[in-house]
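I opened my notebook to look up how this chain is put together. Here is what I jotted down, one entry at a time.

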Amino acid sequence: MGESADLTTMKLAVTLSAPTVWSLEKRIQGQTDIEIAAISRSRLSQMHLPPRFKRFSCMSSPLKRAVQTAKYFFQNIHIDQNLSELNFGKWQGKRFVEFPMSDQKRLKSQGLVGLHFNEYD
């Protein structure tokens, strides 16, 4: 009937960066390039991936917090500029409760609380 496609399977693990001071303060980070917090470095130094993962490659955002987190687990890290965070403009560095009320209402009405803005109020 038709040619069969040569399909390969790729297993992918996706992680978030370790917490920064801003994320611990529940601030929007966006593209602001912030290092991971001291408490994160301490916790990461106690974590280990199973040995079979050591040979895996890692793709990382160019942001410091992503690269720093990846270095605790992987030796082979590829920086990909396309894996950058969203730019939240004037909201970067602010907590949801600091947004003007008009912005808070608009975000909630557009269902954007799914972007974890609800954690900030």
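This is a predicted model: local features need pLDDT of at least 70, side-chain atom pairs count only at pLDDT 80 or more; totals for chains, interfaces and linings use all residues.

Among contacts in the protein chain between residues at least 6 apart in sequence, what percentage join residues at least 24 apart? I got 50%.

Next I went through the helices and strands. I found four helices and two strands in the protein chain. Reading along the sequence, I wrote the pattern down as α-α-β-α-β-α.

Then I checked the surface and the inside. The protein chain exposes about 9100 Å², and carbon and sulfur atoms supply 54% of that area. Of the 121 residues in the chain, 26% are buried.

So which residues make up the largest nonpolar core? I listed seven: A18, I36, L44, C58, A70, F73 and F74. I also noted a second, separate core of six residues, with I28, W91, F99 and L107 among them.

Skipping neighbours within four places in sequence, I saw A18 in contact with I36, S40, L44 and T69.

S40 made me curious, and I followed it up. I found S40 in helix α2, which covers residues 38–44. Is S40 buried or exposed? Its relative accessible area is 3%, so I marked S40 as buried, since the cut-off for buried is under 20%. Leaving out residues up to four places away in sequence, S40 touches A18 and P19.

Note on methods. Residues are numbered from 1 along each chain as its sequence is written. Side-chain values use heavy atoms; hydrogens and water are left out. A nonpolar core is a set of buried Ala, Val, Leu, Ile, Met, Phe, Trp, Tyr and Cys residues joined through side-chain atoms within 4.5 Å. Buried means under 20% relative accessible area, exposed over 50%, partly exposed in between (1.4 Å probe, protein chains only). Contact means heavy atoms within 4.5 Å. Accessible areas come from the Shrake-Rupley method with a 1.4 Å probe; for residues, only the protein chains shown count as cover.
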